[in-house]
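Hi everyone, thanks for coming along. Let me put the model up, and then we'll walk through an annotation, a ligand and a pocket.

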Amino acid sequence: MEVTLLDELRGCEAWLPTLSLVAEGPGGEVVGHVVCTRGHIGTTPALGLGPIGVHPGHQGRGTGSALMHTALGAADALGEPLVALLGEPAYYRRFGFRTSTEYGITPPDPAWGEYFQVRTLAAYDPEDPALRGVFTYAEPFDRV
Ligand SMILES: CC(C)(COP(=O)(O)OP(=O)(O)OC[C@H]1O[C@@H](n2cnc3c(N)ncnc32)[C@H](O)[C@@H]1OP(=O)(O)O)[C@@H](O)C(=O)NCCC(=O)NCCS
């Protein structure tokens with residue numbers, strides 16, 4: 001499912017090459033990846049993070065954390081205001097993600113509740129009304 005999603009994302013305008021990152025093993029093989037694609041809050045551009053994944057044989061060694069910190073650092077350097085994702089709060093809290101509604105951002109599906117989270121970056125302005133409202137992912141996510 002994630003492979004199909006990634007293929008469809010690669011083929012659409014939401015794909016951001018600078019925010020598609022991989023981790024390599026000792027033989028140069030890919031052991032983990034993360035991607036951020038162009039989403040929106042209303043009509044304001046924002047980032048959706050995911051999928052993120054580490055090969056089962058390589059989990060628990062900090063690769064996922066390194067990929068996440070790298071993606072957040074790159075997004076910050078690119079002047080993006082925030083990153084949104086759907087995932088387990090117990091894992092993503094450590095990277096500064098908080099329930100999206102704390103920032104006035106509504107999940108694409110209200111049933112996602114606390115699993116839809118936002119990490120703000122340096123360019124985020126809490127007073128900016130354009131950064132509040134419903135988040136929408138790139139179109140291929142609608143077919144997942
Ligand atoms: C989630 C994932 C990317 C983390 O990658 P990783 O390289 O194992 O991560 P790290 O080594 O940096 O961190 C491991 C820590 O994350 C924790 N963790 C992993 N998945 C978790 C989850 N779903 N909920 C809570 N904690 C989780 C581990 O318990 C470990 O905790 P510790 O640091 O207290 O020991 C990886 O486990 C994975 O690919 N999982 C399957 C796919 C997936 O769930 N993707 C996320 C979709 S939202």
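An unreviewed UniProt entry annotates residues 1–119 as "domain: N-acetyltransferase"; positions are in the numbering used here, feature names are shortened, and annotations may be inferred rather than shown by experiment. That span is 24% helix and 39% strand, with its end C-alpha atoms 25 Å apart. Helices (H or I, at least four residues) and strands (E, at least two) are DSSP runs, numbered from the N terminus.

A quick word on the basis: this is a predicted model, where local features need pLDDT of at least 70, side-chain atom pairs count only at pLDDT 80 or more, and totals for chains, interfaces and linings use all residues. Residues are numbered from 1 along each chain as its sequence is written, and side-chain values use heavy atoms, leaving out hydrogens and water.

Now, which residues are closest to the ligand? Val 54, Gly 60, Gly 62, Gly 64 and Ser 65 are, out of 17 surrounding it (a heavy atom within 4 Å). For polar contacts (pairs of N or O atoms within 3.5 Å), a ligand oxygen sits 2.8 Å from a polar backbone atom of Gly 60. Ser 65 has a side-chain N or O atom 2.5 Å from a ligand oxygen, and for a polar side-chain atom of Arg 94 the distance to a ligand oxygen is 3.2 Å. Strand 3, helix 2 (63–77) and helix 3 (89–92) each give two or more residues to this shell.

As for the pocket, strand 3 gives the most to the lining of the largest one, with four residues.

Key:
A polar contact is a pair of N or O atoms within 3.5 Å; within protein, one must be able to donate a hydrogen and the other to accept it, and residues adjacent in sequence count only if both atoms are side-chain atoms.
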